[in-house]
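Subject: Handing over the structure

Hi,

Here is the structure I promised to pass on to you. Have a look at it first, and then read my notes alongside it.

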Amino acid sequence: MVNVAIMGHGVVGSGVAEILINYDKRISEKVKNDVNVKYILDLRDFPNLSYSEKFIKDFNIILEDESVKVVAEVMGGVNPAYDFVKSLLLAGKSVVTSNKELVAAKGAELIKIAEEKNVNFLFEASVGGGIPILRPLVQCLAANEITEISGILNGTTNYILNKMIVDNMDFDSALKLAQEKGYAEKNPAADIEGHDACRKICILAALAFGKHVYPEQVKTEGITNITLDDVAAADTFGYVIKLIANTQKLNNGKITASVRPTLVSRENIISGVNGVFNAVMVTGDQTGEVMFYGKGAGKEATASAVVADIMDCIKHLDSRKYLSWADGSEGYVETNRDEYGKLFVRLTCENFAELERKFGEIFGDTANFVKNQYRNEICFIAEPQYESELNKKLSQFENCESKTLHIL
């Protein structure tokens, strides 16, 4: 028999407990061993559950019990999760987690400890929830050199943008609806400001390219400044706005990493990913583009990924699963790169006649533009160029406001 402990009994933690307890026979058959949930750590009381006798409030009970071989950390946050997980690994216990914040901040260190202690530290649920992405990246695509990963990594922001695009709902109303449906937290900052997607692209970049990427190295912009005017202007050109996380390997050995609102052509398959669904596009030198699609969050989906990692640990009690990367370094991520590509611009000015004249003077050869004199606005897609070149041109429009969005 293998004893398992669960730290945290929130949305995901309760899902993990229910799967392990309600489907114990199925799980035991698949891992060729009896699996028993011995402890559930939580400061709250749950007296009405059928497994309420398993609850404890002291972490040290799990740490000091040598019969507990695998622990699921589903508390969230860095503290005290980091101290708990580090102590468990040092004690020779395997740990699985859905905690993207922990993995993005401390992953390299915790992986190194797991290697030294010949135990496993697995975190499939930390990126795609129920979407299998990490194992395929390091196993199924192992023969490839990964050159780029791009996609929608946050279901909450995707739901909000979809409501703005399809239902013409303003940002605040769409956010409120997302909160009412349980897709957004009371404090939605991590989602709408891009931090959640940032942590996920850090993990994917680290696995794909071999070095730890810290959240502060990722250019991150959320969706709080996206308006219905932006949505309407994008639609005029056949685009939709999505929050896209992206990382690419450069020829100089460095990488780029970003999270930002991006225009996606309606002809691109990513544009059709709606609601709370996520989609990750991985580009390999042998396979080309491969897409992973599904619900990126939710109790059952995320819990199933955590339980799969627990089962993997049980199957490999005396060996390690290869899932690791090296420490990061300063300068590894090019944060100030002058990017080349197509950019979408909205220009507004009180003096429309002057705006029109100046636009013709500077962007006269730009074929793809729309003028709206009722809003004193010109929207256009600039020809491929460096961002610095475009900004230099836009600086010539005195007393005018401009908004620039990247195009996928």
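Below is what I found in it, region by region.

Before you start, please note that this is a predicted model, in which local features need pLDDT of at least 70 and side-chain atom pairs count only at pLDDT 80 or more, while totals for chains, interfaces and linings use all residues. Residues are numbered from 1 along each chain as its sequence is written, and side-chain values use heavy atoms, with hydrogens and water left out.

**The parallel sheet**

Let me begin with an open sheet of 6 strands, paired in parallel and ordered S3-S2-S1-S4-S5-S6. Strands here are DSSP runs of E with at least two residues, helices are runs of H or I with at least four, and both are numbered from the N terminus. Two strands pair if DSSP finds at least two bridges between them. At the edges are strand S3 (55-56) and strand S6 (121-122), each of which pairs on one side only. S4 and strand S5 (residues 94-97) run parallel and are joined by 4 bridges, with Glu73 opposite Thr97 in S5.

Strand S1 holds Asn3, which is buried at a relative accessible area of 10%. (Buried means under 20% relative accessible area, exposed over 50%, and partly exposed in between, with a 1.4 Å probe and protein chains only.) The side chain of Asn3 makes a polar contact of 3.1 Å with the side chain of Ser67. A polar contact is a pair of N or O atoms within 3.5 Å; within protein, one must be able to donate a hydrogen and the other to accept it, and residues adjacent in sequence count only if both atoms are side-chain atoms. Leaving aside neighbours within four places in sequence, the residues in contact with Asn3 (heavy atoms within 4.5 Å) include Asn36, Lys38 and Val70.

Helix H1 (residues 11-22) lies across strand S1 (2-7) and strand S2 (35-41), at about 160° to S1. That angle is taken between N-to-C directions on a scale from 0 to 180 degrees, using axes that are lines fitted to C-alpha atoms, for helices over the stretch in contact.

**Loops worth a look**

The loop between strand S4 (68-73) and helix H4 (81-90) contains Gly77, which counts as partly exposed at 23% relative accessibility. Gly77 touches Asn99, Glu101 and Leu102, not counting residues up to four places away in sequence. The C-alpha atoms of Gly77 and Asn99 are separated by 6.9 Å, although the two residues are 22 residues apart along the chain. Pro80 is also in the loop between S4 and H4, and a cis peptide bond with omega of about 5° joins Asn79 to Pro80.

Two residues other than glycine have a positive phi: Lys32, near 60°, and Asn118, near 55°. Lys32 lies in the loop between helix H2 (24-31) and S2, and counts as exposed at 74% relative accessibility. Asn118 is in the loop between helix H5 (100-117) and S6, and is partly exposed at 39%.

**Strand S7 and its partners**

How much of strand S7 (residues 146-152) is buried? The count is 5 of the 7 residues, so S7 is largely enclosed by the rest of the structure. S7 pairs in the antiparallel sense with strand S11 (residues 277-284) over 6 bridges, where Ile149 stands opposite Val282. Pairing with strand S9 (residues 239-249) is antiparallel too, over 4 bridges, and there Ser150 has Asn246 as its bridge partner.

**Helix H9**

In helix H9 (residues 171-180), the buried residues are Phe171, Ala174, Leu175, Leu177 and Ala178. Seen down the axis of H9, they fall within an arc of 160° and so line one face of the helix; the arc is that of the directions from the helix axis to the C-beta atoms. Asp172, Lys176 and Glu180 are exposed on the other side of H9. Among the elements that cover the buried residues are helix H8 (155-167) and helix H10 (189-192). At the start of H9, a side-chain oxygen of Asp170 comes within 3.2 Å of the backbone nitrogen of Asp172. After H9 comes Gly182, with a positive phi near 85°.

Enjoy exploring the model!

Best wishes
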